[in-house]
Amino acid sequence: MSNNNASSSSVAVAQRAVKQLRLEAKIRRINVSQAATDLKNFCLQNAHKDPLLVGVPSSDNPFRPPKSCGLL
Amino acid sequence: MEMAAQPSDTLATLKTESETLKTKLEEERAKLHDVELHQVAEKTEALGQFIMKTRRTLKGHGNKVLCLDWCKDKRRIVSSSQDGKVIVWDAFTTNKEHAVTMPCTWVMACAYAPSGCAVACGGLDNKCSVYPLSLDKNENLAAKKKSVAMHTNYLSACCFTNSDMQILTSSGDGTCALWDVESGQMLQSFHGHAADVLCLDLAPSETGNTFVSGGCDKKSCVWDMRTGQCVQSFETHESDINSVRYYPSGDAFASGSDDATCRLYDLRADREVAIYSKESIIFGASSVDFSLSGRLLFGGYNDYTINVWDVLKGTRVSILFGHENRVSTLRISPDGTAFCSGSWDHTLRVWA
């Protein structure tokens, strides 16, 4: 009996794995060249808004001055 | 012994089909692998020198800091520790605003609610609990605690969805789950990891209802929150995945692993597109996060350092020293002006 239970649960696990793989195989993919270009363009378009990348004047960065001024 | 011919035949057939499908999946992915990310970025201007220093040190935990999260107000931080305490800090002044003592040690997960009015946390208690933050400093926060999630093993990560009403959790029990905070009801569960799930990240709201998780099975999975279905999975790391974080556009995510590498996976190409590694880096990456534009990837490592990577070119642009033990957690502030790291040295550091 326990042999049957063990094998039927292994079967169930294997069936789920196959079902999952079939699903993942079906998805639509694009070329890495296109995906990479889009990633690069996103970085470049948003670079000016990235304080850690471009740096902001100390007066604009609340963490740079030794103690913050009142904000509210 | 009974010869169960039917089930074992089916099992063998299924395993063969499984292997065939896996090979086919890799072939399909490989067909579209026409270039490397760093090649596309060859002509992109290189980044200059970065000077990032510790601007604040938050001291107060009695043991290893395990997790941290920023409040949307860009100044408060919640952190949790092996000492069982959850502390809310004002990162500008370094003052502690609230402290909660959990009924367990190893509080591995904590998160700030979008409203800023509550925090969620959990760990070895196998639960995720929500504490409303009181304006009255004398009030005992533990009295208002609400138990939301119940797993059958430790809570490894938690995060609020786009409101205070729902929480996503991951657990050592191998599952993730979505919970309604008010009722404590499980709204959806996510099964598919073969071992402990260690981390998760919610997709940026514009991208829709998905999240990514990573685990001890070396796999990262992207899930549809409505159906509970795993829609994509990636298995290229060679060890546990400790941290996953979406690229700001939502089209990719990075992961940090005990295999000492960080990797970038593009969701539309459905494959790994970059590996951030160096021969000299041999300790695991515990925590990763992107700068606002996605150009920089910050990684906290078990060798006490923080490595800063040029996401496009694949090169390291900076290495930050300061912590005196493993860096266990790292998050960029909501406005991208700073980032905070937490460490086994009991402290948090804010860098800018």
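User: A polar contact is a pair of N or O atoms within 3.5 Å. By that rule, how many residue pairs are in polar contact between chain B and chain A?

Analyst: The model is predicted, and the count takes residue pairs with both members at pLDDT 80 or more. On the side of chain B that touches chain A, α1(B) supplies the largest share, 11 residues. Between chain B and chain A, the number of residue pairs in polar contact is 15.

User: What area is buried between chain B and chain A?

Analyst: The contact draws 48 residues from chain A and 66 residues from chain B. Carbon and sulfur atoms give 66% of the buried area. The total is about 4800 Å².

User: What is the N to O distance in the salt bridge of A:Asp38 and B:Arg268?

Analyst: The rule finds 3 salt bridges across the interface of chain B and chain A. A salt bridge needs a side-chain nitrogen of Lys or Arg within 4 Å of a carboxyl oxygen of Asp or Glu. For the side chains of A:Asp38 and B:Arg268 the N to O distance is 2.4 Å.

Technical notes: Residues are numbered from 1 along each chain as its sequence is written. Chains are lettered from A and ligands numbered from 1 in the order in which they are written. This is a predicted model: local features need pLDDT of at least 70, side-chain atom pairs count only at pLDDT 80 or more; totals for chains, interfaces and linings use all residues. Side-chain values use heavy atoms; hydrogens and water are left out. Contact means heavy atoms within 4.5 Å. Buried area is the accessible area (1.4 Å probe) that two parts lose on being put together, summed over both. A polar contact is a pair of N or O atoms within 3.5 Å; within protein, one must be able to donate a hydrogen and the other to accept it, and residues adjacent in sequence count only if both atoms are side-chain atoms. Helices (H or I, at least four residues) and strands (E, at least two) are DSSP runs, numbered from the N terminus.
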